[in-house]
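Colleague: I have a fold here that I would like to talk through with you. Could you bring it up and walk me through the strands?

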Amino acid sequence: NFSEQTAFGADILGSTKKNSYIAKASLGTSFSIFQVTAGYGVTLGSAKVITWVPEGFSFGANAWLGSKVRLMIFYNQIEAFYLGATVIF
């Protein structure tokens with residue numbers, strides 16, 4: 001983390017047999033009840049690799065709806081589009 005409100009993340013996945021990897025770096029910032037992240041993934045090597053880390057631009061946002069529910073939406077993170085919620089009981 002760079003500070004309480006800013007974090008950096010990096011993922012690298014790939015295949016040693018194909019000598020190819022995908023690397024994705026992302027940066028996120030938090031506000032009182034809202035967080036946004038953006039990242040970019042690139043292929044390192046010549047072979048096409050299928051991993052859980054997709055290539056290209058990614059974006060995410062989440063917001064707390066009260067003290068018990070968090071709504072999340074992501075583009076090009078693990079799936080093309082992802083919408084989820086966390087509920088604390």
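Modeller: Strands here are DSSP runs (E, at least two residues) numbered from the N terminus, and two of them pair if DSSP finds at least two bridges between them. This is a predicted model, in which local features need pLDDT of at least 70, side-chain atom pairs count only at pLDDT 80 or more, and totals for chains, interfaces and linings use all residues. Residues are numbered from 1 along each chain as its sequence is written, and side-chain values use heavy atoms, leaving out hydrogens and water.

Colleague: Fine, so what order do the strands of the open sheet have?

Modeller: The six strands of the open sheet follow the order E1-E2-E3-E4-E5-E6, with antiparallel pairing, and the edge strands, each pairing on one side only, are E1 (6-15) and E6 (81-87).

Colleague: How many residues lie between E1 and E2 in their hairpin?

Modeller: Four residues lie between them, and Asn19 in that turn has a positive phi of about 55°. E1 pairs with E2 (residues 20-30) over 10 bridges, with Ile12 standing opposite Ala23 in E2.

Colleague: And which residue in E3 stands opposite Ser26?

Modeller: That is Gly39, and E2 is joined to E3 by 10 bridges and by a hairpin of three residues.

Colleague: Changing topic, how many aromatic pairs are there?

Modeller: The search of the whole structure finds two, where rings of Phe, Tyr and Trp (its six-membered ring) pair if their centres lie within 6.5 Å, and planes under 30 degrees apart count as stacked, over 60 as edge-to-face and the rest as tilted. One of them is the tilted pair of Tyr75 and Phe81, at 5.3 Å centre to centre with 50° between the planes.
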